[in-house]
Amino acid sequence: MLKSPHHLLCTCALALLTLSCGEQPNATAANTALSTPPQGSSMADTVAIHPIFHASTVLTQGDRVIFVDPYNGAARYTSYGAPDMVLITHTHPDHLDTATLAGLDLSAATLIAPQAVIDALTDNPFAATYALANGEDFSTDDVTVTAVAAYNPPPKENFHPEGKFNGYVVEMGGKRYYFSGDTEGVDEMRALENIDVAFVCMNLPYTMDIEQAASAVADFAPRVVYPYHYRNQDETKSDVEAFRRMVQEANPDIEVRLENWYPAK
Ligand SMILES: [Zn+2]
């Protein structure tokens, strides 16, 4: 999905990025200039994964800070400082949480989101905003984000319609991180390649059950998978231990990491 010539081009100077990266999504009225990347981050810095809540995750690498679907109150994020990049998968309030966004310092943050999210932001607090459709990518000097289709096929197509919302592959520090967003185990997920760490949703009725999630994960075979977004509509939680057993039975080389994605405040 990532095209290496594009990636090489993006080693160009920041000032030329928007001109040189020919495969960047077309600029729209909502798009503004790139924010300056943090100083002090490099490929050599280890990427740290911080589970936050439900589908929200923070990635840090040196001084770089990326928030994914910030949700459930800004207090959960204050220890990470101001983000450089915020990825939002779709418009539902457990992913686009405007109250949480209002409490964050987004003055240096680039938002990456589907157009539907940008359209829903009545008061855009971000320094820069990029709309990504499924399959499009966005690069800074050392991070590439590619939007992956995230949707429910019939009969649940109304929960997350095809083509409207995103999952993401984030390539940084020499590794590829996949965030599923809200989706079922669709062909686009099963076709992913070379994923080092995957974050995969599994709740009902909105996304998929653990059997479908395990089947999809076995197909794309990430090195590591975190079940996330596993609280159901009825407040029960999907059986992530059973998910782990299913994945390990299908492919013992896949490491399933169980974290508490629903910590108390
Ligand atoms: Zn959700």
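Reader: Which residue in S4 does Ile-66 stand opposite, and how should I read such a pairing?

Author: Strands of a sheet pair through backbone hydrogen bonds, and they do so either parallel or antiparallel. In this predicted model, Ile-66 stands opposite Met-85 in S4. The pairing belongs to strand S3 (residues 64-68) and strand S4 (residues 85-87), which run parallel and are joined by three bridges. Val-68 also has a bridge partner in S4, namely Leu-87.

Reader: Which way do S2 and S3 run, parallel or antiparallel?

Author: S2 and S3 run antiparallel and are joined by five bridges, with Thr-57 standing opposite Val-68 in S3. The two strands form a hairpin with two residues between them, and in that hairpin Gly-62 takes a positive phi near 60°. A further antiparallel pair consists of strand S1 (residues 47-53) and strand S2 (residues 56-61), which six bridges join; here His-50 stands opposite Val-58 in S2. S1 and S2 likewise form a hairpin with two residues between them, where His-54 in the turn has a positive phi of about 65°.

Reader: What is the order of the strands in the open sheet, and which strands stand at its edges?

Author: The open sheet has six strands in the order S1-S2-S3-S4-S5-S6, with mixed pairing. S1 and strand S6 (128-131) stand at the edges, and each has a single partner strand, so one side of each is left without a neighbour in the sheet. From one strand to the next, the twist averages 20°.

Reader: How many of the residues of S3 are buried?

Author: Five of the five residues of S3 are buried, so that the strand is mostly covered. In the loop between S3 and S4, Asp-69 counts as buried, because it has 30 C-beta neighbours inside 10 Å.

Reader: Which residues of helix H6 are buried, and where do they lie around the helix axis?

Author: An α-helix has 3.6 residues a turn, so residues three or four places apart point the same way. In helix H6 (residues 210-220), the buried residues are Ile-210, Ala-213, Ala-214, Ala-216, Val-217 and Phe-220. Seen down the axis of H6, these buried residues fall within an arc of 165°, so they line one face of the helix. They pack against helix H5 (187-190), strand S11 (197-201), strand S12 (224-228) and helix H7 (240-250).

Reader: How many residues does the largest nonpolar core have, and what does H6 give to this core?

Author: In soluble globular proteins, nonpolar side chains tend to be buried together. Here the largest nonpolar core has 68 residues, and those with the most contacts inside it are Val-86, Leu-87, Ile-112, Val-200, Ala-213 and Val-217. H6 gives the most to this core, with six residues. If residues up to four places away in sequence are not counted, Val-200 touches Ser-180, Ala-213, Val-217, Val-225, Pro-227 and Tyr-228.

Reader: Which residues have a positive phi although they are not glycine, and where are the cis peptide bonds?

Author: Most residues other than glycine have a negative phi, and most peptide bonds are trans. Among the exceptions in this model are Asp-69, with a positive phi of about 45°, and Ala-221, with a positive phi of about 50°. Ala-221 lies in the loop between H6 and S12, and it counts as partly exposed because it has 18 C-beta neighbours inside 10 Å. Another cis peptide bond joins Leu-204 and Pro-205, with omega about 5°, and Pro-205 has its place in the loop between S11 and H6.

Reader: What pLDDT does the chain average, and where is the pLDDT below 50?

Author: The chain averages a pLDDT of 87, and 83% of the residues score at least 70. Over residues 1-37, however, the pLDDT is below 50, although this stretch has 57 contacts in the model beyond near neighbours in sequence.

Note on methods. Residues numbered from 1 in each chain as written. Predicted model: local features only at pLDDT ≥ 70, side-chain atom pairs only at ≥ 80, totals over all residues. pLDDT = per-residue confidence, 0-100. Contact = placed C-beta atoms within 7 Å. Buried ≥ 20, exposed ≤ 12 C-beta atoms within 10 Å, placed from the backbone. Helix = DSSP H or I, 4+ residues; strand = E, 2+ residues; numbered from the N terminus. Arc of directions from axis to C-beta. Pairing = 2+ DSSP bridges. Core = buried A, V, L, I, M, F, W, Y, C linked by C-beta atoms within 7 Å. Axes fitted to C-alpha atoms, helices over the stretch in contact; angles between N-to-C directions.
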